[in-house]
Amino acid sequence: MENLQLRTFADYKKAYKKSIKDPEAFWDEVASTFTWQKKWDKTLEWDFKKPEVKWFQGGKLNITENCLDRHLDTLGNKTAIIWEPNDPDEESRYITYRQLFVKVSHFANVLKNNGIKKGDRVCLYMPMIPELAIAMLACARIGAVHSIVFAGFSSSAIAKRINDSDCKMLITANEVYRGSKKVNLKEMCDKALEQTPGVETVIVYRRTVEPTPMKEGRDKFWFDELQKAEKECPPEVMDAEDMLFILYTSGSTGKPKGMVHTVGGYLVGTTYSFQNVFQLEKDDVYWCTADIGWITGHSYIIYGPLASGATTVMFEGIPSYPDYGRFWDIVDKLKVTHFYTAPTAIRSLAKQPLSFVENHDLSSLKALGSVGEPINEEAWHWYNDNVGKGNCPVVDTWWQTETGAIMISPLAGITPTRPTFATLPLPGVQPVLMDNEGEEIPNTTEPVEGRLAIKFPWPSIARTIYGDHQRYKEVYFSTFENKYFTGDGAYRDATGNYRITGRVDDIVIVSGHNLGTAATENAIDEHENVVESAVVGFPHEVKGNALYAYVILYDKVEPSEELEKEIKDIVSQTLGPIAKPEKIQFVSGLPKTRSGKIMRRILRKIASNDTDNLGDTSTLLNPEIVDEILAEAKHD
Ligand code: WT7
């Protein structure tokens, strides 16, 4: 495997320049370092108006050949995955590239034996165990499309996602350990499966020895199926633009968006960014603490690291179990060199006594990463000083489910870092800031602020929303002509460094999870006593943001703590606990414009206790409601 790493800041600048001047030649060169069964005929075809983006057309490949087969000769005995269990007394698992190759091929035949073919969608609802990695790679090996649903989501969230993309199969585990708790995943699946007529087969991995009720003819144990399957499975020949996976992300209408990523561009984008942002050396041990149920896990636990021949850590547990030193215990134990986590985790650990960090030897660390939301100055310094001991570059990586790969970030040890700045775009990425009139703000040496858009395609951009190309166009390509709109605001300093300021739409990032406020509103409105609700985000010390719900009840229904709890429960059941509002305020009305739109700006300010200047309320139909809401606002 050829190395894609830029080594110096001068290298970076040169590569960046080239990537802008001739993007096709630039990506051609990067792409040719991978294993293709047939080379592409056309590097790029694009039209953001349609919108349509196609990379490496005519190229044939399989991503698992790049993640597994091509490493066998040189890295066959190298550890691909180190698995660290929830319980520190259970043994870690070390899986070499050769072993992973065998396991993936073997399980790929289980999929085939159960009728899964190229193009079929398979839903994975699994804990952070190596079998999740094996199942996703097995799908990719035979050309099936995986749709991974985070194992913290509720039954109805699973059912919605399964039905939206017509999954034929569901792969799960009986139970999952999460700290001191055990969660029964199979039970959640059974409930979801009552509403998913399209699912023919359920494969169940036994994570615990508990008895597991199985439905005759539909449910099969992972282990039993392996006994019946052949071990060898040649990789399916895929077109570069064939679908690799679907991953759902929140939208502002309440319905999740199934983002579609395709094989060739995604492989090229994730691998190139992985190698350049993190700058791993030969025997390094890389650990990203995300769950594979999110894009971070897809791109930077599995595909990017494995395609690079790296050793990647998978952790089943949580940062607070058995105590708040667990992350540092693992870094020490596995001699982790590269550690990648989220600001919300950093903030929650920073609140604990420093002894949790100091009790462990963290001298193996070389670089630290952050992702998921803007990292505040305090958290940045705590991370840099106490974890990195001032010796590890902190890479603040900005990207999205939709971008597939890191877009704006320092390259570790190469780009000068600056707290709270994601700094500079990666080669091939062309960000622009847009003003309120929808015009591009010129790239001068003036510091400026605006809405962040991207004006040229990159290989790992999501190609569509599954089953709804029109929505893809509306959400990402209609705000600004001929540009991809990110939904984020950003500031750019005099030297071109970007600082992401946060979402400018109805999406709120809670503990690094991307939540659409509309989804929570819809769930609240399901309660029989609720007329209407409005949900907004407000700053939260640990979570970054939390949700604040304003709820109108039917006449004659008295607000009560009981009711508050019921509303929170309904949200938990419909969407999962992460979407639960932190605060609920019962109100008699919501501030609405004459056209009936809720003026969320005001509600956001009240929730954030930033009420000195509520701005213009003269266009409201019911300005008097603002005083009522203000008087009863819930502030700590
Ligand atoms: C949104 C995307 C990409 C993996 C995790 C989240 C926010 C992400 C940063 C960062 C400031 C960030 C943005 C973005 N975000 N990383 N380093 N600095 N904001 O993926 O769930 O698709 O969410 O997360 O608001 O739009 P996602």
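View 1. A disulfide is a pair of cysteine sulfur atoms within 2.5 Å. The structure, a predicted model, holds zero disulfides. Which cysteine sulfur is closest to that of Cys 167? The closest is in Cys 123, 5.0 Å away, which is too far for a bond. Cys 167 counts as buried, at 1% relative accessibility. Buried means under 20% relative accessible area, exposed means over 50%, and partly exposed lies in between (1.4 Å probe, protein chains only). Cys 123 is buried as well, with a relative accessible area of 1%.

**Notes for every view.** Residues are numbered from 1 along each chain as its sequence is written.

**View 2. The whole chain.** The chain comes to 20 helices and 30 strands. These are DSSP runs numbered from the N terminus: helices are H or I with at least four residues, strands are E with at least two. The C-alpha atoms fill a box of roughly 75 × 65 × 55 Å along the principal axes. Of the 636 residues, 61% count as buried. Contact means heavy atoms within 4.5 Å. Among contacts with a separation of 6 or more, 71% come from residues 24 or more positions apart.

**View 3. Phe 153 meets Trp 294.** Rings of Phe, Tyr and Trp (its six-membered ring) pair if their centres lie within 6.5 Å; planes under 30 degrees apart count as stacked, over 60 as edge-to-face and the rest as tilted. By this rule the count is 47 aromatic pairs. In one of them, the ring centres of Phe 153 and Trp 294 are 5.9 Å apart and the planes stand at 75°, so the pair is edge-to-face. Phe 153 lies in the loop between β7 (145-148) and α7 (155-164), and Trp 294 in the loop between β16 (285-288) and α11 (295-307), so the pair ties together parts 141 residues apart in sequence. Phe 153 is buried, at 12% relative accessible area.

View 4. Phe 421 sits in the loop between β20 (394-397) and β21 (431-434), while Tyr 491 belongs to strand β24 (residues 484-492). The two are 70 residues apart, so the pair links distant parts of the chain. Tyr 491 is partly exposed, at 23%.

**View 5. An aromatic cluster.** Trp 46, Phe 48, Phe 456, Trp 458, Tyr 472, Tyr 476, Phe 477 and Tyr 484 form one aromatic cluster.

**View 6. Charges over rings.** A charge sits over a ring if NZ of Lys or CZ of Arg is within 6 Å of the ring centre and within 35 degrees of the ring normal. The charged end of Lys 39 sits over the ring of Trp 40, 4.5 Å from its centre. Arg 93 has its charged end over the ring of Trp 83, 5.9 Å from the centre.

**View 7. Helix α7 and its neighbours.** Which residues of α7 are buried? They are Ser 155, Ala 157, Ile 158, Ala 159, Arg 161 and Ile 162. These residues pack against β6 (121-125), β8 (169-173), α8 (185-193), β14 (243-249) and α18 (561-575). After α7 comes Asp 166, whose phi is positive, near 45°.

Notes: Predicted model: local features only at pLDDT ≥ 70, side-chain atom pairs only at ≥ 80, totals over all residues. Heavy atoms only, no water.
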